[in-house]
Structures are given as C-alpha cells and as structure tokens.
Amino acid sequence: MGGTQDNRIKVLFFSAGNAVRSILAESILNRIAPSRFQAFSAGSLPTFCLDPHALGLLRDLGYPTAHLRSKSWTEFLGDGAPRMDLVVNLGSFLPLHPLPGAPLVVEWQIPAPARCALSFITEAHAVYGQLEDRITQLAVQPLRALLQIDETRAA
C-alpha cells in the first residue's frame with residue numbers, strides 16, 4: 001500500500017469457486033464498514049469467472065463490480081499479499097497450507113445457489129440476505145482485541 005498504514009481488519013471470504021457467495025460477501029462488507037474492514041475473497045477451486053447473475057444482483061443493488069474477479073487462495077500466500085486477520089469459510093474445504101499470520105477462521109455454512117437458471121436468481125437473493133445479516137452482525141463486533149491486532153501495524 002505504498003508505505004501507508006492501514007489498520008483495518010482484513011477479512012478473507014472463502015468459498016469453492018469464488019464466483020457467487022464469497023464475491024457477494026466481499027462486496028457487502030466493503031460497503032457496510034469500509035473504514036473498519038477491508039474484505040477480500042478467494043476460492044479453493046476458483047472458476048476465474050464471476051457468475052453473471054451474481055454480478056447483476058450486485059449492480060442492481062448499486063455496488064461497483066468492475067474490480068471484482070474470481071481468484072485462488074494462493075494469491076494470499078505471497079510476500080506482497082495482505083495479511084488476513086479473519087477468514088470466513090462459506091462452506092468449502094480450506095487448504096491445508098495456512099495463510100500467513102495465522103488468521104482466525106470461522107465457519108458460516110451458507111449453501112451455494114443452485115445452478116438451475118430458474119431458481120438461481122431467487123436463491124442468490126436469499127444468499128445475499130443471509131450474508132448481509134451475518135456481515136452486519138460481524139461489522140459491529142469488538143473484534144480488534146479478539147484478533148489481537150496491533151493498532152500500529154502496517155498493511
């Protein structure tokens with residue numbers, strides 16, 4: 001981050017394909033609490049393309065989407081990668097290789113929307129609602145002490 005300090009809590013939302021749930025979650029947290037959190041997303045088996053219906057849902061709700069992309073969790077292993085404080089697993093198998101910094105891992109079992117085109121949009125809206133409820137609760141929690149975040153740490 002160019003030598004600037006960023007004391008936001010860094011959260012990685014993790015799912016299998018990183019095409020729907022984790023992308024929705026990343027967008028929601030970055031909108032709800034951008035001064036306190038910085039959200040990212042990744043997948044164990046990323047599709048490397050976002051679901052067009054999920055993108056449409058985000059656009060309809062006024063979210064920016066140009067910066068979103070499906071990516072592998074391995075992007076968060078390198079020296080220049082942000083150090084995560086919290087990993088929220090949305091129902092995928094986490095990699096055996098731990099992320100740097102030993103982030104706290106929590107499990108939110110939120111099922112992926114069915115791939116059936118007729119029900120996908122309805123299910124994606126339901127998943128969005130579940131994620132928004134949980135993320136809203138997460139955003140008001142006093143997490144800094146629990147995560148043992150140093151107030152002076154640089155990104």
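Trainee: What makes the approach of the Ser70 side chain to the backbone oxygen of Asn18 a polar contact?

Mentor: In this predicted model, the side chain of Ser70 comes to 3.0 Å from that backbone oxygen. A polar contact requires N or O atoms within 3.5 Å, so the pair qualifies. The Ser70 side chain also has a polar atom 3.4 Å from the backbone nitrogen of Thr47, and since the cut-off is 3.5 Å, that pair qualifies as well.

Trainee: Why is Ser70 called buried?

Mentor: Its relative accessible area is 5%. Buried means under 20%, and therefore Ser70 falls in that class. The residue belongs to the loop between α2 and β3. Setting aside neighbours within four places in sequence, Ser70 is in contact with Gly17, Asn18, Pro46, Thr47, Phe48, Cys49 and Leu50.

Trainee: Ser72 is in the loop between α2 and β3. How do you know whether Ser72 is buried or exposed?

Mentor: Ser72 has a relative accessibility of 13%. The limit for buried is under 20%, so Ser72 is counted as buried. Its contacts, leaving aside neighbours within four places in sequence, are Ala42, Gly43, Pro46 and Phe48. The side chains of Ser72 and Thr74 are joined by a polar contact of 3.0 Å.

Trainee: What class of burial does Ala33 have, and on what value does it rest?

Mentor: Ala33 shows a relative accessible area of 10%, and because buried means under 20%, it is buried. Ala33 sits in the loop between α1 (21-32) and β2 (37-43). In sequence, Ala33 and Thr136 are 103 residues apart, while their C-alpha atoms are 8.7 Å apart in space.

Trainee: Why can β2 be described as largely enclosed by the rest of the structure?

Mentor: Seven of the seven residues of β2 are buried, so the strand is largely enclosed. Phe37, Ala39, Ser41 and Gly43 point one way from β2, Gln38, Phe40 and Ala42 point the other way, and all of these are buried. In a regular strand, side chains alternate between the two faces of the sheet.

Trainee: What makes β2 an edge strand?

Mentor: The four strands form an open sheet in the order β2-β1-β3-β4, with parallel pairing. In that sheet β2 and β4 (104-107) each pair on one side only, and these are the edge strands. Neighbouring strands are turned by 20° against each other on average, direction ignored.

Trainee: How do you know that β1 and β2 are paired?

Mentor: Seven bridges join β1 to β2, which run parallel. Leu86 has Leu104 as its bridge partner in β4.

Trainee: Which strands does α1 touch as it packs on the sheet, and what is its direction relative to β2?

Mentor: Helix α1 touches β1 (9-15) and β2. Its direction makes about 175° with that of β2.

Trainee: Why are the buried residues of α2 said to line one face of the helix?

Mentor: The buried residues of α2 (residues 52-60) are Ala54, Leu55, Leu57 and Leu58. Viewed down the helix axis they fall within an arc of 155°, so they line one face. Pro52 and Asp60, on the other side of α2, are exposed.

Trainee: What makes Asp51 a cap of α2?

Mentor: A side-chain oxygen of Asp51 lies 2.7 Å from the backbone nitrogen of His53, at the N-terminal end of α2. The cut-off for a polar contact is 3.5 Å, so this distance falls within it. Just after α2, Gly62 takes a positive phi of about 85°.

Trainee: What describes the protein as a whole?

Mentor: It has four helices and four strands, following the pattern β-α-β-α-β-β-α-α along the sequence. Of its 155 residues, 45% are buried.

Definitions and conventions:
Residues numbered from 1 in each chain as written. Predicted model: local features only at pLDDT ≥ 70, side-chain atom pairs only at ≥ 80, totals over all residues. Heavy atoms only, no water. Helix = DSSP H or I, 4+ residues; strand = E, 2+ residues; numbered from the N terminus. Buried < 20%, exposed > 50% of the residue type's maximum accessible area, 1.4 Å probe, protein only. Arc of directions from axis to C-beta. Polar contact = N/O pair within 3.5 Å; in protein donor to acceptor, adjacent residues only side chain to side chain. Pairing = 2+ DSSP bridges. Axes fitted to C-alpha atoms, helices over the stretch in contact; angles between N-to-C directions. Contact = heavy atoms within 4.5 Å.
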